[in-house]
Structure formats: structure tokens, C-alpha cells
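The following exercises concern one protein chain. Please examine the sequence and the model before reading each worked solution.

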Amino acid sequence: MLIRLTPLAAAALLAACAGPALPPGPQNLAPEKFAQTPAANPGAATMTTAFVDSAQLQRIVDEVLANNRDLRAAAARLKQAQALADSAGAQRLPTVGLGANASRQRAANDLGQFNNFNSYGVNATARWEVDLWGRASATAQAAGYDAESAALDRDAAQLSLAGTALNLQTQLIGLGQRLKLAKEALVVQNQLLDLVKARVGAGRGTAVDQARAEALVAQTSASVPALRNAACLTRLQLDVLRGQAPADCDKADSDPLPAMPEPRLVSLGTLPDPAGLLAARPDVKAAAVRAQAAAARAHVAWAARWPSLGLTGQIGWSAASTSNLFKSATEIHSIAGALNWNFLDFGARKAEETAARAGFDAAVAAAEQAQLIALQDAQGSLSTLRETELQAAAQATAAEATTRARDLALKRYEAGVSDFYALLSAEQDRLTAQDALVQVQTGRASALLAVHKAFAAKLTAQ
């Protein structure tokens with residue numbers, strides 16, 4: 001008898017009366033609750049409306065799930081595992097075969113005369129190995145667990161790749177907004193440069209002011225190629241995830257990138273508790289099922305040490321001519337049993353059982369490690385989201401303040417109250433603060449996606 005426990009509670013254990021005594025399966029390591037969770041705001045935006053428009057989000061996810069080559073490979077492995085499970089299950093049942101033969105023989109009789117002898121036969125044979133120690137059952141169960149874990153691995157791959165694609169889209173939007181900000185800043189900075197040149201020409205400015213203005217324009221111009229290349233590399237990664245040949249980065253993206261949202265809290269809804277998280281994560285469930293498969297294989301290795309009993313039955317007809325086949329006088333039938341036991345193998349099968357037990361121990365450790373990683377992902381993503389919410393709000397205040405400071409500095413410079421250096425410093429502070437705001441907003445969106453991914457939420461538009 002094979003005892004089956006839930007994936008998060010324990011791996012399959014074998015009863016002592018019918019199999020090897022194995023140590024306990026993976027423990028449930030989930031705490032009662034998460035230590036830190038972000039503040040919830042029921043009136044705030046959800047993931048889809050807080051970041052990108054739903055149509056674009058849905059299209060990216062659909063393309064990844066339909067065209068990603070890693071997902072195709074995962075689907076093929078699942079199909080392979082299911083076929084092997086069907087094969088292992090069929091081996092528990094009797095096999096029946098049909099055969100026919102015909103022969104012609106020339107031989108001498110007692111008088112030394114040579115005669116020709118014809119022989120024709122038809123037979124059906126059934127074979128069945130009695131599953132005395134549960135070896136065939138355990139083999140079928142192990143193959144079934146392999147198919148189940150392959151299905152869970154496919155689900156985990158879908159979740160991971162969809163999340164990765166959306167995160168790349170997050171980075172692409174952020175880079176696009178930073179690039180747009182740099183180009184807009186160049187327009188303003190070139191206007192300031194024209195202004196100081198005019199003042200220098202009129203004798204009211206200095207060459208130092210003009211050099212500083214030129215340096216600021218050059219510094220901002222230098223950031224544009226770097227941002228453009230980063231966006232190109234991100235787009236190439238996204239194309240590969242979507243199963244597309246990498247596109248020409250010089251061509252404009254067919255979909256305009258949406259603006260980054262204003263900083264505000266998002267509504268996560270009701271998050272599952274740690275135990276619920278582990279029950280929802282396909283990678284955690286897959287690791288637990290693999291521990292069950294390892295337990296079944298330990299049973300197979302144990303059963304291989306003991307005798308096997310096979311039964312064979314045959315019915316057929318044999319005659320010297322085809323016209324006499326299937327007559328009662330030509331009928332032959334038999335039934336036989338065979339007991340085989342390789343009792344002296346110098347420890348080979350014992351070593352195989354030891355190896356299978358070690359494989360079970362490794363699978364249990366891997367299942368518990370998968371729980372810990374899932375809990376780490378969830379707690380880390382919640383902490384990151386909480387902190388980036390606060391960071392985004394503070395950075396938005398800073399960006400607004402630097403914009404006001406730049407506007408005041410421009411008025412003071414035009415009025416002749418302050419020098420040009422104060423204006424350039426204020427403009428540089430404004431650009432730095434705005435760029436930092438876009439980066440924080442990008443990080444905030446990535447953190448929100450990480451929460452949904454960590455909790456195995458459906459990463460599609462609703």
C-alpha cells in the first residue's frame with residue numbers, strides 16, 4: 001500500500017509492511033502571516049490601470065504564451081511525460097500476443113528414405129507479472145507524478161515568462177520616458193544657451209556662462225545614445241520572449257509608450273496568507289510532487305530486491321496442413337508460472353535502493369527549498385513595493401520643487417538679480433530630479449508586477 005499525502009504536507013511514504021520505511025516528506029515551512037505588507041488603498045488603481053493600458057498588456061502576454069520557445073519545450077516535455085505515464089500504467093496489465101508460423105522440413109525416416117514434412121501453427125500467448133511487492137504499481141505512480149510535475153513546471157514557466165515580459169515592458173516604458181525627458185530638456189537647455197549667447201553678444205554675459213551652458217547641453221546630449229541603446233537591448237529581449245526575430249531598433253515601435261503614472265498607492269486586494277501562497281505556487285507544488293515520485297522510485301528499487309512471479313498462458317493449433325488447423329485434435333494449450341530471484345548480486349540492488357533513498361532525501365530538500373524561495377519572493381516583493389511607494393511619493397515632491405526652483409531662477413536671471421550659474425544649477429537639479437522620478441516610478445511598477453508574480457496572480461489584463 002502506498003500512502004499519498006498532500007504536496008505541501010509530505011511526499012508519498014510507503015507503509016512499512018509493503019515497502020521501505022522512508023523519512024518524513026517535506027515539511028510545511030509557511031509562517032502564520034507575512035511580517036510586512038504595504039498599506040492598502042481601496043480607491044487606488046489596480047495593476048493594469050496603474051501602469052500600462054490593458055490592450056497592450058494583454059497582447060504581450062498572449063504573444064508570450066503562444067509563441068515562446070521555452071513554453072513550447074515545456075509543453076512537449078509534458079506530452080512526453082504523459083505518454084510515459086500511460087506506458088507505465090499499461091505495464092501493470094497482462095500482455096497478449098498473436099503468432100503464426102509455417103515450416104517445411106526434409107528429413108530421413110528409419111529406412112533412410114527422405115520425406116518432406118510441413119508444419120503450420122497459430123497461437124495466442126498471454127503473460128502477466130504478479131505485482132507481489134508493488135513494483136509495477138510504484139513504477140506507474142512515479143511516472144504519473146512525473147507527468148503531474150511536468151504540467152506544474154509548464155504552469156510555472158508560463159507565470160515566470162509572462163512576468164518577465166511585462167517587467168521588460170516596464171523597463172522599456174521607463175527608458176522611453178527618460179529618453180523623452182532628455183530630449184525635452186535639450187530643447188530648454190538650447191534655449192538657455194541661445195539666451196546666454198545673446199547676452200554675451202550684448203556685453204551683459206560672460207564667456208564662462210556660455211561655456212557652462214554648452215557643457216550642460218553636451219552632458220544631456222551624451223545621455224541620449226545610452227538611453228536609446230538600453231531601450232534597444234530591452235526591446236530585443238522582449239522580442240525573443242515573444243518568439244519573434246529581434247527587430248531593427250532604428251525603427252520606431254509600433255505602439256506608443258504610455259506615460260508613467262502619478263505616484264499613488266495601489267490596491268492589491270486580499271493577498272493569500274503564507275500557506276495559501278505555497279498552495280498557489282506551481283513551482284512549489286511541482287517540487288513536492290517530485291518528492292512523491294522519488295518516494296515511489298525508492299519503492300521500485302526496494303521491490304527489485306525480492307522474487308518476481310510471472311504467469312504465462314498459451315493456446316494454439318498446430319497441424320501438418322492448413323485445412324486441419326483449428327480442429328480439436330490439433331489444439332495445444334499450456335499454462336506456466338515462473339519464480340525468479342536474483343538473491344546473490346553482491347549488493348548491486350541494495351546499492352540501487354540506497355541511491356533511490358538518497359534521491360528521495362534530495363527531492364525533499366529541494367521541495368522545502370522551493371517553499372523558502374517562494375516565501376522570500378513574496379516577502380521581498382511586498383517590502384520593495386511598500387518602500388518604492390514611499391520613495392515615489394517623496395521623489396515626486398522633489399521633482400515638483402526643483403521645477404519651481406528652476407522657474408524662479410530663470411525669472412531672477414532675466415531680472416538681473418542672480419547670475420547664470422544659479423540658473424544652470426537649478427536646471428540641472430530639475431533634470432536630475434525628473435529623471436530620478438521616472439526611474440522610481442519604473443521600479444514601483446516592477447515591484448507591483450513582482451508581487452503579482454510572487455503570489456502566482458494572473459498577469460493578464462482584465
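**Exercise 1.** Does Arg281 count as buried or exposed, and at what relative accessibility?

*Solution.* Arg281 counts as buried, at 6% relative accessibility. The scale is as follows: buried means under 20% relative accessible area, exposed over 50%, and partly exposed in between, with a 1.4 Å probe and protein chains only. The model is predicted: local features need pLDDT of at least 70, side-chain atom pairs count only at pLDDT 80 or more, and totals for chains, interfaces and linings use all residues. Residues are numbered from 1 along each chain as its sequence is written, and side-chain values use heavy atoms, with hydrogens and water left out.

Step 1. The side chain of Arg281 meets that of Asp283 in a salt bridge of 2.8 Å, N to O. A salt bridge is a side-chain nitrogen of Lys or Arg within 4 Å of a carboxyl oxygen of Asp or Glu.

Step 2. Asp283 counts as partly exposed, at 27% relative accessibility.

Step 3. Arg281 is also one of the residues in contact with Ala374. The C-alpha atoms of Ala374 and Arg281 are 7.6 Å apart in space, although the two residues are 93 apart in sequence.

**Exercise 2.** Which parts of the chain does the salt bridge of Glu427 and Arg406 tie together?

*Solution.* Step 1. The side chains of Glu427 and Arg406 meet at 2.7 Å, N to O.

Step 1. Because Glu427 lies in helix H9 (residues 420-454) and Arg406 in helix H8, the pair ties together parts that are 21 residues apart in sequence.

Step 2. Glu427 counts as buried at 0% relative accessibility, and Arg406 counts as buried at 12%.

Step 3. Elsewhere, salt bridges that share partners join Arg59, Glu63, Asp239 and Arg242 into one network. Within it, the side chains of Asp239 and Arg242 meet at 3.1 Å, N to O. Asp239 is buried at 3% relative accessible area, as is Arg242 at 9%. The structure holds 19 salt bridges.

**Exercise 3.** What is the strand order of the open sheet of four strands?

*Solution.* Step 1. The order is S3-S4-S5-S6, with antiparallel pairing. Two strands pair if DSSP finds at least two bridges between them.

Step 1. Strand S3 (95-108) and strand S6 (331-340) are the edge strands, each pairing on one side only.

Step 2. On average, neighbouring strands of this sheet are turned by 25° against each other, direction ignored. Axes are lines fitted to C-alpha atoms, for helices over the stretch in contact, and angles run from 0 to 180 degrees between N-to-C directions.

Step 3. Strand S4 (residues 114-130) and strand S5 (residues 308-319) run antiparallel and are joined by eleven bridges. In S5, Ala319 is the bridge partner of Tyr120.

**Exercise 4.** Which residues form the nonpolar patch on the surface?

*Solution.* Step 1. The patch consists of Leu132, Trp133, Trp306, Leu339, Trp341, Phe343, Leu344 and Phe346, with about 980 Å² of accessible area together. Patches are made of residues with over 30% relative accessible area and no salt bridge; like charges are joined within 9 Å, and nonpolar side chains (Val, Leu, Ile, Met, Phe, Trp, Tyr) within 5 Å. Accessible areas come from the Shrake-Rupley method with a 1.4 Å probe; for residues, only the protein chains shown count as cover.

Step 1. Leu344 is found in the loop between S6 and helix H8 (348-414), and is exposed, with a relative accessible area of 58%.

Conventions
Helix = DSSP H or I, 4+ residues; strand = E, 2+ residues; numbered from the N terminus. Contact = heavy atoms within 4.5 Å. Lists of a residue's contacts leave out its neighbours within four places in sequence.
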